[in-house]
Amino acid sequence: MRETTKYVLDESRLPTRWYNIQADLPVPLPPPIHPGTQQPIGPEMLAPLFPMELIRQEVSQERWIEIPEEVRDAYRLWRPTPLYRARRLERALDTPARIYYKYEGVSPAGSHKPNTAVPQAWYNKQEGVQRLVTETGAGQWGSSLAFAGALFGLQVDVYMVKVSFEQKPYRKALMETYGARCVASPSAETAAGRAVLARDPASRGSLGIAISEAVEIAAQRDDTKYSLGSVLNHVLLHQSVIGLEAMEQLALAGDYPDIVVGCTGGGSNFAGIVYPFLGEQLRGGRRIEVRACEPAACPSLTRGRYAYDFGDTAGTTPLLKMHTLGSAFMPPGFHAGGLRYHGMAPSVSHLKELDLIQAYAYGQLDCFAAGVTFARAEGILPAPEANHAVKGAIDAALEAKQAGAAKVILFNLCGHGHFDMQAYIDYFAGKLTDQSYAEEELRASLAALPKVA
C-alpha cells in the first residue's frame, strides 16, 4: 500500500457553479436589519459598500450560481486543489479512521482566501470600481485581495490588525509585493481608528476595529468599495468550490465522510468544506457529523450569544443575527489572528441553532501540538488557524480508535504556516501560552449588545 495517496482533478473538473446553502435551509436565515429602524435592509444600504452583483448573491435563494469564465480562468492558477489521504498520520495515531484533508495552501496567497478575493475583485472591476479597501487579521485575506487586485488592475488598501501587523511582517511584504498598501489598525487615518487610540493608545486592534476603518473609507469615496473575507453569504458561497471538488475527489477514493471538520473564525473556510456535504444531507442524502473548531480565547460559537449585533466595533454596519461575543469584545493577541473575530457568520450560526453542526473550542498550545504532529507525519506545516481543524480531526480519529470504529474523517487544511514561523519558534521555545479573556469583559461586551425588539 502506497503511503502517499493524492487525489487530483483535471482542470476540466473545475466547478462551473458555486453552491448556495440558502436554497436548502429548513428554516430561512434571519435577515440583516437596519440598526435604527430595526427593519430588514434593502440593497440601497449595501450599495455604497458592494457591487450590485455581490448584493444579489448575498440575498439569493438559488441553489447554484454560475462562476464567470474570467474567474474560472484565474482559479486555474491553483485549482482544483489536491485531496490527500493522511495515511502517515493515521499510522502515527494508530487509528482505524481514514483521514482525508483538502489542501488549500497551494494558492498564490497560501490559503483558501483567493477563492472569494478573485470573484470579488472581478465583480468590482465590472462595475467600474477603481479601489478596494478591506481589513485583515493574520494577513491571509489581505494577501489574497492584494493578489486579486493585481490580477484585475485595482488598487487595494488593507487595514491589518496591529497585533498581527507586528507578528507577521512577511504578510505585509507579500501584500506590498502585489501592489497593495498595508496599514496597522487601529490607525490615525480614520475617525474610527482615532477614537480607539484616544481610549487606548496601546490598542493591539481587532478585526472589528479594522472593519470599521475599512468601511469608513469605502463609504466616503465613489470610486472605492469594501471587500470582506468572511462572514457574509456571498463570501461563503464562493468558498463552496472547496467542498464541491472534495466530493468528486472522495468519489475517486470510493469514500464518503462520516465527520467533516473545519476551523472557524468568521466561517468562510468552514463553510467551503462543509456546505456542499451538508446540502446533500438537507436534500435527503447521507447524514454527516460536522465539527466547527474555534479558539478558546475567542469562542463565539461556544460562549457567544445568538443575537443581532454589529459586524464592526464602531457600529457602522447593519445588524446581523449571529453568535457573537459583542462587537466591543477585544480578544487576546494569540497567533491565530484570522480567528480573532467577535462574531460568527450568520449562516454558520443559524446551522448551530438548528443543531446541524457542533462547536468545539481549543487552547493555543493544544492546537500547535496538533499542528506539529501533523507536520511530522504529513510534511506540511499548517497555519495557526488551520491547526484548529487539525486538532479537531486528530481528536475525532482518537475517538474512533477508542471506539474501534473505522470512521471517515475529512478536514480542510485551509493554509500553510510558512509566514508564521515566529509562532512556531515561540512554541518550541516555550514562549507561547494559552491566553484567555476576562470574564467580566465578556459580560460587559454582551451587556452592550443592541436592543432589538
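How much space lies in the second largest cavity? About 70 Å³, where a cavity is a set of points on a 1 Å grid over the protein atoms alone at which a 1.4 Å probe fits but cannot get out, and a volume is the space filled by probe spheres set on the points, with points joined across faces, edges and corners. By this rule there are 3 cavities of 30 Å³ or more.

Before going further, a word on the model. It is predicted, so to speak of local features takes pLDDT of at least 70 and side-chain atom pairs count only at pLDDT 80 or more, while totals for chains, interfaces and linings use all residues. Numbering runs from 1 along each chain as its sequence is written, and side-chain values use heavy atoms, with hydrogens and water left out.

Back to that second largest cavity: Tyr19, Asn20, Ile21, Gln22, Asn233, Leu236, Leu237, Tyr275 and Ser347 line it, lining residues being those with an atom within 4 Å of a point. Helix α11 (residues 233-238) supplies the largest share, 3 residues. Helices here are DSSP runs of H or I, at least four residues, and strands are runs of E, at least two, numbered from the N terminus. The lining has 5 nonpolar, 4 polar and no charged residues, with Ala, Val, Leu, Ile, Met, Phe, Trp, Tyr, Cys and Pro as nonpolar, Asp, Glu, Lys and Arg as charged, and the others, Gly among them, as polar.

Now for the pockets, which are open sets with protein on both sides within 12 Å along at least five of seven lines. Two or more lining residues come from each of α1 (43-46), α2 (52-59), α10 (207-220), α11 and β13 (319-324), and α2 gives the most, with 4. By class, that lining has 24 nonpolar, 7 polar and 2 charged residues. The second largest pocket holds about 210 Å³, and its lining splits into 7 nonpolar, 6 polar and 4 charged residues.

Zooming out, the chain has 19 helices and 15 strands. Of its 453 residues, 63% count as buried, meaning under 20% relative accessible area (1.4 Å probe, protein chains only). Helix α12 (residues 241-253) shows this locally: Val241, Ile242, Gly243, Leu244, Glu245, Ala246, Gln249 and Leu250 are buried. Just after α12, Gly254 takes a positive phi of about 70 degrees.

Key. Buried < 20%, exposed > 50% of the residue type's maximum accessible area, 1.4 Å probe, protein only.
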